[in-house]
Amino acid sequence: MLRRILLALAIVLCGVLGVATIATADGSGVTTPTVPPVLAPPAALAYAPVAAATGIDPREQATVSVTDGTLDAVTLTGPDGAEVAGEPDAERTSWSSTEELQYDTTYTWSGSATGEDGAPVPVQGSFTTISPESIARGIVNIGDGRTVGVAAPIRIQFDEHVEDRAAVERALSVETSVPVEGAWGWLPDEGGGSRVDWRPREYWPTGTQVTVTADLFGVPYGGGAYGAADVTSTFEIGRSQIVKADAASHRVTVIRDGQEVFDFPASFGLDSDPRRNTRTGVHVVTEKFADRRMVSETFDYDVMMKWAVRISNNGEFLHAQPATVSAQGSSNVSHGCINLSPEDAKAYYDTALYGDPVEVTGTGVDLSPRDGDIWDWTLSWEDWKGLSALNS
């Protein structure tokens, strides 16, 4: 009787203390705790950028991720309702945007995730991208598909001043089909804004395929300005045509792929007047005109000239000049241009490409930055590299 009473008390005590006694064959027992059931966790969401963030870089990837669950559906939309392109990972535990965002725009999340507990959790919240004080554009001077000469520099012209040149330069790249050593150099502002050129150390190898990539969108230019858009261009370097223009011998020789193709008598700028001297140095062909009006208030002329090939921005051309044919090959009488006969000028004009070098020698005044436009080749390689914002 007493044993039955004690056993009943033990069962009650086990119920109170949450332990169970398991009897064994020899009458002994093992006591184990009662384990409460484990509940499945709910989904937990994380956002980048964080909810309600402002001043976000539009190049930043927008991401929502979930732990202890999976994403059912996710959309990221702008204020006009347009969806931002994006995709989930294979496990559907994260979703990331795959296109660049826009400036000064609020983006809103929507969708849902399901936790391991089976309960839905909304995808929600928003963030806002940076609002620039101004947006600056850059334009590459050589368009897609063009063929240019072996001295052609790559130029990116901006429509505003670039204060943080290092940030911009880090966003620029040049890829070539054969190894080519080159460097970016910043020139004085011109044309309404800053400009940066990429020049090879030596003339380009013929046939080189060149791709320029300027990932400028979202780049902070400094002073509250940001890049407007990415810019790219792919082009080809053509045959090598080098003009050797020697004022001392009054000759213009054209060397194409190592072979002389023309040797013309010429007249250069008047030797006795430094204002009229043709500049000594490596010029670059920039444009050409079948007919070109040439005007000078300083020297009081206004004339039309045929077969004019511009070689600098200071008014220097190779062009036809019937009036100086008698002097061509024997004396220098021009106002700074290189005069050829109409027949010789037309023959050269037909072969000239943007980027061809014109190496002028034998005059008393050197080509310099004050002559404007393309003076890249007047600098030594070491001096040119010193114009890079990343080398200063």
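The following exercises, with worked solutions, concern the overall form and selected residues of a predicted model.

Residues are numbered from 1 along each chain as its sequence is written, and side-chain values use heavy atoms, with hydrogens and water left out. In this predicted model, local features need pLDDT of at least 70 and side-chain atom pairs count only at pLDDT 80 or more, whereas totals for chains, interfaces and linings use all residues.

**Exercise 1. Overall dimensions**

Task: Compare the radius of gyration of the chain with that of a compact globule of 392 residues.

Solution: 
- Step 1. The radius is taken over C-alpha atoms, and the globule rule is 2.2 Å times the number of residues to the power 0.38.
- Step 2. For 392 residues the rule gives a value near 21 Å, but the chain has 37 Å.
- Step 3. The C-alpha trace spans about 145 × 45 × 35 Å along its principal axes.

**Exercise 2. Two residues compared**

Task: Decide whether F317 is buried or exposed, and do likewise for R170.

Solution: 
- Step 1. Buried means under 20% relative accessible area, exposed over 50%, and partly exposed in between (1.4 Å probe, protein chains only). Buried residues make up 44% of the 392 residues.
- Step 2. F317, in strand β28 (residues 317–320), has a relative accessible area of 4% and is therefore buried.
- Step 3. A contact requires heavy atoms within 4.5 Å. Not counting residues up to four places away in sequence, F317 touches several residues, including F289, M294, V309, I311 and I338.
- Step 4. R170, in helix α2 (residues 165–170), is exposed at 59% relative accessibility.
- Step 5. R170 and L390 are 220 residues apart in sequence, with C-alpha atoms 8.1 Å apart in space.

Technical notes:
Helices (H or I, at least four residues) and strands (E, at least two) are DSSP runs, numbered from the N terminus.
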